[in-house]
Amino acid sequence: MSRTCQVTGARPGFGNNRPWSKKATRRRWEVNLQKKTYYVPSLGRKVTLRLSTNAIKQIDVRGIEAVVAEMRARGEKV
């Protein structure tokens, strides 16, 4: 499974390391992913999601019900 957030779709960023010598070597900036379990009353069960920290904040603000409904509308399995 790729390092992708299930809610925001955040993926690793790619670029170059640039030291003092200006020698470019490839690197990647990983997404801060966390496994989080939420109880979803509409489904009547717990759901484990792989989320970025930004997505966890979104769920705190919008609520798990709204986020899960949006994910199901996109056709993602929850």
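Ile 56 is buried, with a relative accessible area of 15%. Buried here means under 20% relative accessible area, exposed over 50%, and partly exposed in between (1.4 Å probe, protein chains only). The model is predicted: local features need pLDDT of at least 70, side-chain atom pairs count only at pLDDT 80 or more, and totals for chains, interfaces and linings use all residues. Residues are numbered from 1 along each chain as its sequence is written, and side-chain values use heavy atoms, with hydrogens and water left out.

Ile 56 sits in helix α1. Helices (H or I, at least four residues) and strands (E, at least two) are DSSP runs, numbered from the N terminus. Leaving aside neighbours within four places in sequence, Ile 56 is in contact with Gln 34, Lys 36, Tyr 38 and Leu 51. Contact means heavy atoms within 4.5 Å. Lys 36 is 20 residues from Ile 56 in sequence, and their C-alpha atoms are 8.4 Å apart in space.

Helix α1 spans residues 53–62, and its buried residues are Ala 55, Ile 56 and Ile 59. Seen down the axis of α1, these buried residues fall within an arc of 105°, so they line one face of the helix. The arc is that of the directions from the helix axis to the C-beta atoms. Lys 57, Asp 60 and Val 61 are exposed on the other side of α1. The buried residues of α1 pack against three elements: β3 (33–40), β4 (45–52) and α2 (64–73). Gly 63 follows α1, and its phi is positive, near 100°.

Strand β4 contains Leu 51. With 0% relative accessibility, Leu 51 counts as buried. Arg 72 is 21 residues from Leu 51 in sequence, and the two are 16 Å apart in space, C-alpha to C-alpha.

The largest nonpolar core has 16 residues. Such a core is a set of buried Ala, Val, Leu, Ile, Met, Phe, Trp, Tyr and Cys residues joined through side-chain atoms within 4.5 Å. The residues with the most contacts inside this core are Val 7, Tyr 38, Leu 49, Leu 51, Ile 59 and Ile 64. At least two core residues come from each of β3, β4, α1 and α2. The largest share, four residues, is supplied by α2. In soluble globular proteins, nonpolar side chains tend to be buried together. Beyond four places in sequence, the contacts of Tyr 38 include Arg 45, Lys 46, Val 47 and Leu 49. Tyr 38 also touches Leu 51, Ile 56, Ile 59 and Ile 64.

Gln 6 lies in the segment before β1. At 18% relative accessibility, Gln 6 is buried too. Its side chain reaches the backbone nitrogen of Arg 50 at 2.7 Å. Not counting residues up to four places away in sequence, Gln 6 touches Thr 48, Leu 49, Arg 50, Met 71, Arg 74 and Glu 76.

Lys 22 is found in the loop between β1 (13–17) and β2 (25–29). Lys 22 is exposed, with a relative accessible area of 58%. The phi of Lys 22 is positive, near 70°, in a residue other than glycine. Most residues other than glycine have a negative phi.

Key
A polar contact is a pair of N or O atoms within 3.5 Å; within protein, one must be able to donate a hydrogen and the other to accept it, and residues adjacent in sequence count only if both atoms are side-chain atoms.
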